[in-house]
Amino acid sequence: MVSQGSSPSLLEALSSDFLACKICLEQLRVPKTLPCLHTYCQDCLAQLAEGGHLRCPECRESVPLPPAGVAAFKTNFFVNGLLDLVKARAGGDLRAGKPACALCPLMGGASTGGPATARCLDCADDLCQACADGHRCTRQTHSHRVVDLVGYRAGWYDEEARERQAAQCPQHPGEALRFLCQPCCQLLCRECRLDPHLDHPCLPLAEAVRARKPGLEELLAGVDNNLAELEATRMAEKEALARLREQAARVGVQVEEAAERVLRALLAQKQEVLGQLRAHVEAAEEAARERLGQLEGREQVAREAVAFARRVLSLGREAEILSLEGAIAQRLRQLQGCPWTPGPAPCLLPQLQLHPGLVDKNCHLLRLFFEEQQPQEDTGKDGAGSQGGDETPPERRDGAETPKQDRAQTPQEDGSQAPKMERAETPQEDGVQTPKEGRAQTPQEDRGAQTPKGGRSNKKRKFKGGLKSISREPSPAPGPNLEGSGLLPRPIFFCSFPTRMPGDKRSPRITGLCPFGSREILVADEQNRALKRFSLHGDYKGSVPVPEGCSPCSVAALQGAVAFSAGARLYLISPDGEVQWRRALSLSQASHAVAAMPSGDRVAVSVSGHVEVYNMEGSLATRFIPGGKASRGLRALVFLSTSPQGNFVGSDWQQNSLVVCDGLGQVIGEYRGPGLHGCQPGSVSVDKKGYIFLTLREVNKVVILDPKGSLLGDFLTAYHGLEKPRVTTMVDGRYLVVSLSNGTIHVFRVRPPDS
């Protein structure tokens with residue numbers, strides 16, 4: 001049995017908004033109660049009446065309007081009584097800011113009474129001290145309860161005043177309601193009792209309440225039970241909705257991860273096929289060059305013999321011709337008998353065949369299905385394996401295959417072995433088919449699944465013709481503060497686009513990237529001496545003109561200006577290309593990295609082991625040595641970036657480390673561990689939370705470090721299509737832009753770990 005709720009106290013009713021109209025938000029005036037038990041001012045309800053109906057503003061229940069209008073709704077005497085109590089506590093007539101006695105004007109004829117010091121709870125009058133003493137001495141009022149006015153105003157006697165309070169008859173002012181007419185269910189005063197209810201059975205109010213209160217309490221208990229059931233149903237509905245949202249979020253993550261896996265596998269296959277294509281072309285070119293050399297040699301020998309014979313026949317004397325006739329004839333017969341060509345050269349043209357699922361619009365790699373929601377105690381066992389955002393459902397321990405509808409499949413997972421039409425075959429010189437172990441593996445294969453017959457292994461292969469294999473050695477494991485790997489930001493592929501434009505005379509060589517304006521990228525193409533503008537989707541937006549003869553190296557966007565380094569100079573230009581100032585830099589450094597400060601009104605540049613900061617006017621604002629003069633050796637910051645916290649992050653090629661220092665040059669952190677794979681640190685970018693993204697070009701990786709420079713793990717690898725990444729930048733704190741050596745740009749959205 002559900003226990004009934006505790007009854008509200010009088011103090012709560014007086015101090016809450018119970019006495020305020022929900023329409024005008026002021027204290028109720030002439031309160032009228034609707035059948036739904038919501039109470040409003042009579043005038044406010046009159047404004048809502050329309051077409052013979054009235055809709056409750058709170059519960060939206062439609063109520064028919066009585067024929068007599070809004071005034072025919074029941075008057076809420078309960079609220080009227082509370083309002084009277086509130087008004088009495090607030091005070092009536094005032095003199096010099098104090099309440100006046102209500103009896104003095106009746107006795108002495110004065111217009112106003114003396115200052116009140118007491119109150120009669122029965123008469124509901126404020127009394128001065130003299131009237132209060134006399135009030136206790138008369139036969140009619142000696143039993144009245146007279147209390148101190150200050151305590152009454154403070155609420156000390158609210159309960160007592162409420163008990164002695166009588167409801168007033170609306171038809172006969174000054175008369176209290178004392179009876180209940182049973183046939184009419186109407187409250188009556190003594191005047192109403194005489195006519196027209198004289199013959200009706202009536203009960204005193206106390207007796208009527210005692211007779212009717214048990215029925216109301218029984219109904220109240222039943223509604224309390226219904227409320228408990230409603231609350232339980234509401235909580236169950238909330239829990240079901242929460243489970244739905246949780247499962248939807250989990251499935252959303254699985255969809256994104258499955259799409260990422262498919263994309264990574266597709267990009268890996270792309271790199272493999274392109275590598276095979278390059279190897280085939282290089283091998284064919286080498287064989288063709290060898291055959292061409294043989295043909296050219298034979299052609300030259302034959303042409304020399306023919307020229308000699310023709311010269312002898314045309315210029316020689318009879319004796320000379322006859323003396324050389326035997327040798328010439330023998331040589332010519334020898335050349336005629338020798339095959340002129342080494343045989344038809346095998347010319348195997350590469351052809352690409354796609355998996356049917358890639359071109360079939362009806363082939364869905366991702367398929368959503370729905371099942372009835374199980375009770376919460378059952379889902380705890382069934383859904384335990386999917387907690388934590390695993391990329392794929394766990395394998396069953398009994399060796400049975402996981403049902404395919406429970407996960408998104410990559411093309412390789414549609415069968416035990418991918419059909420050969422997925423890849424372009426490379427012709428082999430020895431007639432043996434190329435093993436498939438050289439291709440990039442999908443993440444499912446890295447988990448140790450058994451390699452099918454004729455399938456792939458994780459061995460690295462080096463193609464003939466000098467094709468360098470890609471290192472897939474993982475970075476060291478994250479520190480103990482990131483155990484579980486769910487705390488690392490993760491990449492989501494956004495788009496990819498080339499940067500070569502029709503007017504470019506050379507292949508792009510991207511040496512600098514920076515965010516420019518709203519969701520745009522500024523690309524420094526040193527080879528074509530241009531600053532190109534692209535949207536995040538790869539739309540070309542034009543260029544920022546640069547001074548003639550300048551080859552922009554590193555670039556940074558400021559407030560209404562662009563700073564870039566070219567040679568041994570630092571330039572600040574307007575977006576229209578107007579040079580605002582230029583500064584000479586050290587000649588001892590081949591290139592100078594620039595970075596915009598978070599405020600956007602200063603630019604930092606690395607110069608011969610120092611970091612110099614210039615303001616918008618071109619004045620040197622500060623200059624420091626990372627780590628100070630006492631640091632070990634001179635630093636060479638080839639790449640430089642700034643964090644939203646105002647710190648500097650640079651790739652130090654002198655110390656072969658990544659260094660993080662504050663605005664004064666004090667080193668906060670430095671990393672030179674095995675996570676660099678023995679490579680020189682490359683371009684650096686920082687997101688809005690301070691995570692550092694470091695490029696390792698030699699191993700085709702972008703690793704992630706915390707704001708203090710501690711390695712967290714790999715962020716991008718060759719699986720994401722990285723092939724010799726050059727420079728990176730962070731746009732809007734959420735998009736990592738990576739440029740490759742071939743001029744292509746990849747854009748990845750950085751998904752924070754708490755999303």
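This is a predicted model: local features need pLDDT of at least 70, side-chain atom pairs count only at pLDDT 80 or more; totals for chains, interfaces and linings use all residues.
Helices (H or I, at least four residues) and strands (E, at least two) are DSSP runs, numbered from the N terminus. Helix α9 (residues 205-315) packs against helix α10 (residues 318-337) at about 155 degrees, with the axes 11 Å apart; axes are lines fitted to C-alpha atoms over the stretch in contact, and angles run from 0 to 180 degrees between N-to-C directions. The two helices are therefore roughly antiparallel. In contact (heavy atoms within 4.5 Å) are, among others, V301, A305 and F308 of α9 and I321, L324 and I328 of α10.

Next comes the largest nonpolar core, with 17 residues. Such a core is a set of buried Ala, Val, Leu, Ile, Met, Phe, Trp, Tyr and Cys residues joined through side-chain atoms within 4.5 Å, buried being under 20% relative accessible area with a 1.4 Å probe, protein chains only. C21, L28, L34, Y40 and L45 have the most contacts inside it. Helix α3 (77-90) is among the elements that each supply at least two core residues, and its 3 residues are the largest share. Leaving aside residues up to four places away in sequence, L45 touches K32, L34, Y40, L54 and V70.

Finally, an open antiparallel sheet runs β19-β20-β21-β22, strands being paired if DSSP finds at least two bridges between them. β19 (555-558) and β22 (579-584) each have a single partner strand, so one side of each lacks a neighbour in the sheet.

Notes: Residues are numbered from 1 along each chain as its sequence is written. Side-chain values use heavy atoms; hydrogens and water are left out. Buried means under 20% relative accessible area, exposed over 50%, partly exposed in between (1.4 Å probe, protein chains only). Angles under 35 degrees count as roughly parallel, over 145 as roughly antiparallel, 65 to 115 as roughly perpendicular and the rest as oblique.
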